[in-house]
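Hello,

Here is the structure I promised to pass on to you. Have a look through it first, and then read my notes on the pockets and the ligand below.

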Amino acid sequence: MVEDNLKIILKELPPGVKLVAVSKFHPASDILAAYNAGQHRFGENRPQELAAKVPALPDDIEWHFIGHLQTNKLKFVLPYASLVESIDSLHLLEAVDKWGNEHGKVIDVLLELHLGAEETKGGFTQDEIETILSRSMSDFPHVRFRGLMGMATNTDDMSVVEADFARIEAFKRHLDEKFQLPDFTELSIGMSHDWPLAVKHRATIVRIGTAIFGPRTY
Ligand SMILES: *Cc1c(COP(=O)(O)O)cnc(C)c1O
């Protein structure tokens with residue numbers, strides 16, 4: 001079933017758009033089934049869950065961290081994640097840079113734009129992101145800014161979702177023109193119910209869970 005679901009999505013996904021299979025709350029055996037079907041990039045949103053799964057699964061998996069990260073949990077994430085998609089505060093960004101300094105690593109990150117209508121959703125304002133990027137080179141030497149992440153408003157009204165995606169797409173283009181950062185190439189938008197629309201708005205990464213692994217039980 002996981003294999004069939006993957007096949008359906010990969011058939012529709014344009015080449016060059018990376019699929020993150022969001023495996024949170026699903027056991028390592030489900031991840032291995034997807035791995036054996038050729039999917040080697042997975043996303044987790046809870047630090048301890050990621051740290052527990054890594055040693056149980058193949059070494060060449062590319063893990064993305066996509067959840068809220070507290071600064072006292074960095075050790076569960078930063079040794080393993082090849083991309084931290086969900087940097088949502090200056091405090092976290094500074095802690096990640098400090099961890100990179102202490103461990104002799106440069107951490108690849110996306111900056112999360114507060115995109116959806118929900119106040120409860122995390123992320124920076126557009127102004128905050130511009131301020132960070134104008135400081136980036138000198139202030140965060142152990143962080144590599146790879147692009148933007150956003151979660152659209154949680155609604156069935158696709159015109160609302162599309163407006164969210166159009167806003168982050170336009171903002172990404174604005175940042176590209178203003179800062180011209182060669183590594184700032186990624187736009188991570190789109191989940192199970194809205195990823196085709198995200199692709200239309202130039203997603204380079206889609207994060208799909210339910211449509212691959214089925215509903216989460218929690
Ligand atoms: C859970 C999650 C997803 C995947 O959601 P689905 O609707 O199951 O595809 C994508 N992005 C983030 C940040 C998530 O937490």
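Let me begin with the second largest pocket, which holds about 160 Å³ of space. A pocket here is found on a 1 Å grid over the protein atoms alone, as an open set of points where a 1.4 Å probe fits, with protein on both sides within 12 Å along at least five of seven lines; lining residues have an atom within 4 Å of a point. The volume is the space filled by probe spheres set on the points, which are joined across faces, edges and corners. Eleven residues line this second largest pocket, and Met137, Val143, Arg144, Phe145 and Asp183 are the closest to its centre. Helix H5 (126-139) and strand S6 (143-150) are the elements that each give two or more residues to its lining, and S6 gives the most, with three. (Helices, H or I with at least four residues, and strands, E with at least two, are DSSP runs numbered from the N terminus.)

A word on the model: it is predicted, so local features need pLDDT of at least 70 and side-chain atom pairs count only at pLDDT 80 or more, while totals for chains, interfaces and linings use all residues. Residues are numbered from 1 along each chain as its sequence is written, and side-chain values use heavy atoms, with hydrogens and water left out.

Now for the largest pocket, with about 410 Å³ of space. Its lining has 21 residues, and Lys24, Asn45, Ile66, Met151 and Met191 lie nearest its centre.

What takes up the space of the largest pocket? The ligand does (more than half of its atoms lie within 2 Å of the grid points). Polar contacts are pairs of N or O atoms within 3.5 Å. A polar side-chain atom of Arg207 lies 2.9 Å from a ligand nitrogen, and one of Arg216 lies 2.8 Å from a ligand oxygen.

Enjoy exploring!

Technical notes
Polar contact = N/O pair within 3.5 Å; in protein donor to acceptor, adjacent residues only side chain to side chain.
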